[in-house]
Amino acid sequence: MPATTPVAQDFVPYATSAIDFHRALNIPTGPLVASRAELNSLHEHLVALHGLLDAHAQRTAPLLPIEGDHLKATRTRLWQAADHLHAAYHASPRPGSGEVPGPDACRNRLPEGAPELSICRRHQETAQLVRRRTTPADLHTPFTGLVRR
C-alpha cells in the first residue's frame, strides 16, 4: 500500500457554507441597502479569495499553462469585483450623518478613521500586488485571457 501524504484541511467549503448561512439569516427578502460594514466584510472576503487564487495561479502556471491562464483570469475578475465593492462602499452613506464621501476619499489613506480605514488600506495593499501581476490591458479588456488551448 503506497504511503499517502496527509492533505491539509480544506476550509473553503466551510467558508462557502458560512456565506450561504449569513445570506439566509441576515438578508431578508425585499429591498435592502447593504451597510458599509457588510460591504467592508464582502471586500475582505473577495481580497482573501484573490490572494488564494493568486497563489494557485503562481504555482500552477509554470506547470500547466492553460490552467494557469484560467486561474489568472479568475484572479483578475475577482480584483475587478473587489474594486467595484470598494467603490460601492464609498458611494454608500456614512452611518449617523448620511454624508457620502467624495471619490478621492481613500487616497488620503485614513479618510474616515478606524475602523472604516481598513477597506482602503486593504484595497491599496492588494492593488500593489495587482499592479505587479497584471497589466493595465488585462484589467480593462472585456475578456481576460484564456488564449491557450
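Modeller: Let us begin with histidine 50, which is buried, with a relative accessible area of 4%. Buried means under 20% relative accessible area, exposed over 50%, and partly exposed in between, with a 1.4 Å probe and protein chains only. This is a predicted model: local features need pLDDT of at least 70, side-chain atom pairs count only at pLDDT 80 or more, and totals for chains, interfaces and linings use all residues. Residues are numbered from 1 along each chain as its sequence is written, and side-chain values use heavy atoms, with hydrogens and water left out.

Biologist: In which helix does histidine 50 lie?

Modeller: Helices (H or I, at least four residues) and strands (E, at least two) are DSSP runs, numbered from the N terminus. Histidine 50 belongs to helix H2, residues 36–60. The chain has five helices and zero strands.

Biologist: With which residues is histidine 50 in contact?

Modeller: Contact means heavy atoms within 4.5 Å. Leaving aside neighbours within four places in sequence, histidine 50 contacts Arg75, Leu78, Trp79, Thr126, Leu129 and Val130.

Biologist: Which residues of the largest nonpolar core touch the most other members?

Modeller: A nonpolar core is a set of buried Ala, Val, Leu, Ile, Met, Phe, Trp, Tyr and Cys residues joined through side-chain atoms within 4.5 Å. Here the largest has 15 residues, and Leu46, Trp79 and Ala82 touch the most other members. Two or more residues come from each of H2, helix H3 (65–91) and helix H4 (117–133). H3 gives the largest share, six residues.
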